[in-house]
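Trainee: I would like to understand how the parts of this protein chain pack together. May we examine the structure?

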Amino acid sequence: MSSIHIIFLVPFYLTQGLNFSGTTVGMFMALLAVPFLVVSPMSGRLSDRIGSKFLTVFGMVVTCAAIIFCRYLGPQPTYFAIGTAVLLAGIGFSIFTSPNNSAIMGSVPKEMLGTSSAVAAATRQIGISSGMAMAGAIYGTHQS
């Protein structure tokens with residue numbers, strides 16, 4: 001659910017709450033992807049050395065910190081504060097993703113890797129779709 005808060009709800013906050021343009025919101029949301037270029041490979045290599053448990057938990061703690069930070073942005077945050085919140089969420093996601101995928105794929109026999117990869121991807125997609133639908137329903141209910 002944490003990625004839903006950032007990916008789905010923050011753009012509404014920025015466009016409707018702060019009246020930012022779509023271009024400005026897009027630039028802020030692009031900050032989610034930046035850490036994946038640097039942090040994910042490092043997280044994956046570190047996961048191979050120390051295991052995935054610590055990194056997955058740490059990644060979620062960082063993501064939760066980003067969500068809590070978003071909660072306190074208020075009605076007139078600075079660009080720096082918004083960018084920091086979104087970038088922190090991207091760092092949390094990127095710390096979490098590689099070790100989590102490694103743990104999933106490392107827990108099944110080699111002959112089942114294709115199946116487990118498909119099940120993990122389907123589960124992830126169903127979770128994202130369900131979360132988006134729920135967040136959209138809640139948002140729509142509060143808008144009326």
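Trainee: At roughly what angle do the axes of helix 3 and helix 5 cross?

Mentor: This is a predicted model, in which local features need pLDDT of at least 70 and side-chain atom pairs count only at pLDDT 80 or more, while totals for chains, interfaces and linings use all residues. Residues are numbered from 1 along each chain as its sequence is written, and side-chain values use heavy atoms, without hydrogens and water. Helices are DSSP runs (H or I, at least four residues), numbered from the N terminus. With axes as lines fitted to C-alpha atoms over the stretch in contact, and angles running from 0 to 180 degrees between N-to-C directions, helix 3 (residues 34–50) and helix 5 come within 8 Å and cross at roughly 35 degrees.

Trainee: Why does Phe28 count as buried?

Mentor: Buried means under 20% relative accessible area, exposed over 50% and partly exposed in between, with a 1.4 Å probe and protein chains only. Phe28 is therefore buried, because its relative accessible area is 9%.

Trainee: Which residues does Ile82 contact, leaving aside its neighbours within four places in sequence?

Mentor: Two of them, Phe20 and Phe28, also share one aromatic cluster with Tyr79, where rings of Phe, Tyr and Trp (its six-membered ring) pair if their centres lie within 6.5 Å. With those neighbours set aside, the contacts of Ile82 are Leu14, Leu18, Phe20, Phe28, Leu73 and Pro77.

Methods
Contact = heavy atoms within 4.5 Å. Helix = DSSP H or I, 4+ residues; strand = E, 2+ residues; numbered from the N terminus. Phe/Tyr/Trp six-rings, centres within 6.5 Å; stacked < 30°, edge-to-face > 60°.
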